[in-house]
Amino acid sequence: MISITGLSKSYNKGAVKAVDNLNMHINHGEIFGFLGPNGAGKTTTIKMMIGLLNPDSGSIIINGHDIQRNPLDAKRDIGYVPDNPDVYDRLTGIEYLNFMADVYEVPADIRKERIKYFLDIFELADAAKDLIKSYSHGMRQKIVLTGALIHDPAVWILDEPMVGLDPKSSHLLKELMRKHCEKGNTVFFSTHVLEVAEKLCDRIGIIHKGKLIAVGTMDELRQGDNAGSLENIFLELTEK
Amino acid sequence: MRKFLTLLKINLNLNFGISALKYRFTREKKKRWEPILIAFAIIVGACPLIVLYSFMMAGVFNTGMVLNQPEIVLTVSFLLGQFMVLIFGLFYVMSMLYFANDLSILVPLPLKPYEVLGSKLAVVMVNEYMTLLPILLPPVIIYGIGMKQSIFYWIKAIAVIIASPVIPLILDAIFLLIIMRFVNVRRNKDLFAMLGGFVGIIFAVGINVITQRMPDGNEEEFMKNLLLGNIELIELIGSKFPPSIWVTRALSQTGFSGAIYLLLFIMVSVFMFVVLLWLANRIFYKSLLAGQEVSRKRKKLTTDEAERQFSKVTSPVTTIFWREWKILVRTPVYMLNGLSVVVVAPLIIAVMFLSQKSGDMQELIELINQSGTHLVITLIAIGFVLFTSGMNVVASTAVSREGQTFWISKIIPVSPKQQVMSKFLVSFFVSFLGTIAMSVVMAIIFTLPIARLILIVVIGAVCSVPMTALNLLVDVLHPKLTWNNPQEAMKQNMNGLLGMLISLAVMAILAAAAIPMAIAKLPEWIIYSTILFICVAISVPSLLGLFAAAEKSYRKLEI
């Protein structure tokens, strides 16, 4: 469960409002797609949700824990994948995954099982012993994804997770997201691929110039004047 | 040509960080003092060396006058300058032409290979002037004034200085173009970075040994003897590398013959440049792409291995400790500037002391040994030990080194206090290695018994606690997280300098307490206990402050 209330953030001493009084509630068992044009405030919102940026005002509750007041408990429940997979180049894949498992205090038998599972499905077992420096963009994305999910967090927060993934891995990730939500967990992800959002998400939020301009299921978004595909709805809403 | 000039402009901009500086001066006004302070530190640091060098060159000039060959000062300095460009330029040209990050952007652009190579080489050349000017200007000025030269000399001198790095750099570039076509050096990039670093350290040690051997106040006399003994050698080297001789003649001979040599020097430089560009067009991209393939071992993880690897469950503090350690030893810049310094510095001291059986140093050692007390020796040894651990920048760049990966530290459920604790332990461990290395060197030089050695190690280790904590505090409060090259995190980081100053301050406090007590001839144990007491007294608030600052600062830092 994610609950965001009155969230605001500005840059350059208030000159640029990146996120403006955002209110959202994402339920258990829900995949939530977060859309918006470039520079709309998606990444800023996500970064505040996981504690990389400090909001000017408002609160973010992750599974009952306030990320500002109770950061460690909130972080234990989050699996986060950034839009740019900057990881430790000088560690091997295995070292990185073990590091993540250690900091999330994952017991040996569970980490063994999960690391093996992810390395297999993402076809990373061959590269696991190499330095991450030698990985392609997609491989980095997959190792970051594995590191983020190693502790089986209840809330997944993913910033453009499909970028750089090959069609097979992308498909796998979508399946994983669906399964995760079926178990009553929460997935929040941003994307520019509207087809993915349309097919995968239970609900969609559209942010534009820092404000949430639409939120709801596909059916709800189609209501009113906005008939048609998500692309049409998106273009119509964000060109206003 | 216009493309080339645009490329050159943008490369120079990037190299000197002109846009970044502009931004800093107009937008980030708080940080505008940093570059000024760095420039000031460089000038203050370089001045004594330049003055010493100028005295040496004056000695060469005077000796040349006696031999009726005053122009030898020009030959020596141009040989030295061009030789340095040739050696250091090799690593520099290699990193610019083959390892630069922007190559992947430049290669797909509709640019000719020679335009890319030419602009990169021009940037190297501009940078080399910074090294060459202090080497070439003093002798050119000494000769010009000493021989009462006309205005033509000065005009020729400017032309020659501008052209002087061209030939050695082109030689480097041609050598690399050919080598890189066949050898995949890129695969061993780290190895070459380390090699380059060690050449630098060896060079620095060499300079140290030479300046140590030079009798104070008699630099001219020393140079005279050195020169008289080696005049044949200089002529021999000159004959193998004629450009230095041409330069000498271009400057020292007047009228037509001087002009001819100047023309010869410039023509050969231009000719070689043309050859290089021709060669670049043919093989630069081929050799560049030959090194592009990234190699991976691609060994499959066996079940046994997986079993072993994933069974190692460690605490967050331990796992962060190992992360820090692995990244430190696997990144050449960090390894060279952080770790090897604490081992190399004691070695340099050992070489300096032990290579001079009859020098001033030996007299000093004997004098200290004769003083009849081990106290003075122990205090001096502790001073050296603290200096070694205080001058390393591992703690003062510990957070900065994370750079863009700092997001991981922000999202993991490990408290900043624990994370900083791991960093403290790694930094302390590095200092401790330095403490042991320097203590052993001191024990050998002063022939100290084991008990003294242990005493020095213990005091050194305890004293490095407050220094490490305060150094780390500096970086926790203002880490430099935005950088493109690990070098910027460690070498071009103000926190490193600040940390050293803080370490010096701690050492000053300890010295201010210990020296008067030693003069007052208090019992040894009281002096050592006082030092330890002061260290603990500084350590407790430093560590508490560090952990408190970590909690606040980690929360405040945004990435």
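Where is the place of Asn63(A)? Asn63(A) sits in the loop between β4 and β5 of chain A. The views below show a predicted model, in which local features need pLDDT of at least 70, side-chain atom pairs count only at pLDDT 80 or more, and totals for chains, interfaces and linings use all residues. Residues are numbered from 1 along each chain as its sequence is written, and chains are lettered from A and ligands numbered from 1 in the order in which they are written.

**View 1. Asn63(A) in the β4-β5 loop of chain A.** Asn63(A) counts as partly exposed because it has 18 C-beta neighbours inside 10 Å. A residue is buried if 20 or more other C-beta atoms, placed from the backbone, lie within 10 Å of its own, exposed if 12 or fewer, and partly exposed in between. Leaving out residues up to four places away in sequence, Asn63(A) touches Met1(A), Asp77(A), Ala154(A) and Val155(A). Contact means C-beta atoms, placed from the backbone, within 7 Å. Ser8(A) and Asn63(A) are 55 residues apart in sequence and 21 Å apart in space, C-alpha to C-alpha.

**View 2. An open, antiparallel sheet of 4 strands in chain A.** The strand order is β2-β1-β4-β5. β2 (16-26) and β5 (65-66) of chain A are at the edges with a single partner strand each, so one side of each has no neighbour in the sheet. Strands (E, at least two residues) and helices (H or I, at least four) are DSSP runs, numbered from the N terminus. Two strands pair if DSSP finds at least two bridges between them. β4 (residues 57-62) and β5 of chain A pair in the antiparallel sense over 2 bridges. Ile62(A) has His65(A) in β5(A) as its bridge partner.

**View 3. An open, mixed sheet of 6 strands in chain A.** The order runs β6-β7-β8-β3-β9-β10. At the edges, β6 (78-81) and β10 (211-216) of chain A each pair on one side only. From one strand to the next, the twist averages 15°. Helix α9 (residues 230-238) of chain A packs on this sheet and touches β3 (31-35), β9 and β10 of chain A. The direction of α9(A) makes about 30° with that of β9(A). Such angles run from 0 to 180 degrees between N-to-C directions, with axes fitted to C-alpha atoms, for helices over the stretch in contact.

**View 4. The β9-β10 hairpin of chain A.** β9 (residues 203-208) and β10 of chain A pair in the antiparallel sense over 5 bridges. In β10(A), Val215(A) is the bridge partner of Gly205(A). Ile204(A) stands opposite Gly216(A). The hairpin has 2 residues between the strands, and Lys209(A) takes a positive phi near 50°.

**View 5. Helices α20 and α22 of chain B.** The axes of α20 (residues 450-477) and α22 (residues 494-519) come within 9 Å and cross at roughly 150°. That makes α20(B) roughly antiparallel to α22(B), a term for angles over 145 degrees. In α20(B), residues including Cys463(B), Pro466(B), Met467(B) and Leu470(B) belong to the set that meets a set in α22(B), among them Asn495(B), Leu498(B), Gly499(B) and Ile502(B).

Note on methods: Two residues are in contact if their C-beta atoms, placed from the backbone, lie within 7 Å. Angles under 35 degrees count as roughly parallel, over 145 as roughly antiparallel, 65 to 115 as roughly perpendicular and the rest as oblique.
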